[in-house]
Amino acid sequence: EWDRWLLMGLIGTAVGMLGFLIHQIIDSLIKLKWDLVENYLQVSKRNNVYLSTGQDGAIHMTWLCVLGFGLAMVVLSSGSALFICPAGSPSGLPEIIGYLNGTSIRHLFNIKTFLGTFVSCVLAVASGLFCGPEGPMIHLGALLGCGLSQLQSDTLGIHLPIFTRFRNSADKRSFITAGAGAGIASVFRAPIGGLLFTLEEVSSFWDIRLAWQTFFCCLMATFTTDLLSSSFCGFVYRGHFGFFEAEKRILFWNLLDMNVLAFIPTILLGMLGGLLGALFVSLNIKINKLRMQFFNSIPKLSLRKTSKLLETVLILRTLLMFCISAHLFFCVAAAALLVENGKQGITYLFKRGIHEEFGYASLCTALAFYFILSCWTAGSAVASGLVIPMLYTGALYGRIIGLILVSIFGVQTDEYGAWIDPGLFAAIGAASFFSGVSRLTISLTVIMVSMLS
């Protein structure tokens, strides 16, 4: 079995490298977008645009600049998903689950699907849409598991004469399962969480040998991503090879002494997560039914694909128009929360010691808009994941509950009241909504513990 373990290690290493690459490209594109906006503001100030248009005019021009960059990314992202890899839209995760449970799906594991999903994922996340890279990373990990185990491609005309004994449906399914688990492990730096996710959500065909091999694959993926991230930032070598910085991978690491009273709002958040999760799923199903009815009523295929592309453009335009209105008229903090990329926004919401940094107006406004728009985005024609939106939505209402406790009891500085912190309940709320939407329990708990402690 040495060749099977070797192949599992190679798949995990490849998925870890891919996860590192995706995160670096997304971060670089986001930085490039805001650097261009900053340069535009500096040029406008030098040319006295502020004096000629006023502050509101300058803000409008800045938002139009952001809108232009975002729309360009969305058009390329949606075009990649629609015209290069129809099997990769929107996330690929349902298709992977279907395949691993006995459903045959055409073009799910070819090179065009891999390239289209990769491009669509990085551009969709970097554009500012309410989505994350988790679902596409599971699909891409499964693609690598399939490709490296079979070592043949009809598209490229490649049929290598090694590992030929694994060219059967049972072994192929095992390597795809391991690749999918490595994808989730690379995203969250949680090898045990990746294993439990595949066990709980993805595949129905398991034995103890496959469990150990999948865990080894997930471990290699996590280690590779961490090792490369320790050395490079924005593809620039930092000279810290092998130095794993806690703040680069852990959102929330300082522990608090807990009080039994903390279980009361925790139970409330659990119930709220279940109710809102059920509402989210129900609303998303209705939206997708309407979406399918509308697009299926368009007889011409090219016009149908163009209409799907225009829908993603409309989603981003709605987001940015709301941010402009919120910034100008009623809630600057809400606009700031919505315009940030998901990972950075979650970090802000989880932060402790800033009890009244965000008020009720900004949190409630951001929650309502984020809930609706992320529900609309899920199922649109881009390769995207739902984990970041689920964590973000839960963190918003969790922080609201924490803020209510602060309003009742005040800011507590002693050790017995330190648990009354909106950042703590933002983390609990994130887990509750994630669980309410996905119906995951054990793997979710492990993933959250890996992320937060």
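At what angle do helix α10 and helix α16 pack, and how far apart are their axes? The model looked at here is a predicted one, so local features need pLDDT of at least 70 and side-chain atom pairs count only at pLDDT 80 or more, while totals for chains, interfaces and linings use all residues. Residues are numbered from 1 along each chain as its sequence is written, and side-chain values use heavy atoms, with hydrogens and water left out.

First, the overall picture. The protein comes to 17 helices and four strands, where helices (H or I, at least four residues) and strands (E, at least two) are DSSP runs numbered from the N terminus. Of its 453 residues, 51% are buried, meaning under 20% relative accessible area with a 1.4 Å probe and protein chains only (over 50% is exposed, in between is partly exposed). A contact here is a case of heavy atoms within 4.5 Å. Among contacts with a separation of 6 or more, 79% link residues 24 or more positions apart.

Now back to the opening pair. Helix α10 (residues 263-296) and helix α16 (residues 422-438) pack at about 40°, and their axes lie 7 Å apart. These axes are lines fitted to C-alpha atoms, for helices over the stretch in contact, and angles run from 0 to 180 degrees between N-to-C directions. The two helices are therefore oblique to each other: under 35 degrees would be roughly parallel, over 145 roughly antiparallel and 65 to 115 roughly perpendicular, with the rest oblique. On the α10 side, the contact residues include G270, G273, G274 and G277, and on the α16 side they include G429, S432 and G436. This contact counts 10 nonpolar residues, eight polar and no charged; Ala, Val, Leu, Ile, Met, Phe, Trp, Tyr, Cys and Pro are nonpolar, Asp, Glu, Lys and Arg charged, and the others, Gly among them, polar.

A second pair is α5 (residues 134-150) and α6 (residues 169-188), whose axes come within 7 Å and cross at roughly 140°. That makes α5 oblique to α6, and the crossing is right-handed. Among the residues that meet are G141, A142 and G145 in α5 and G179, A180 and G183 in α6. This contact has 10 nonpolar residues, seven polar and two charged.

Finally, the cysteines. The structure holds zero disulfides, a disulfide being a pair of cysteine sulfur atoms within 2.5 Å. For C131, the closest cysteine sulfur is in C121, 7.5 Å away and so too far for a bond. C131 is buried at 6% relative accessibility, and C375 is buried at 0%.

Note on methods
Left-handed = near helix turned anticlockwise from the far one by under 90°.
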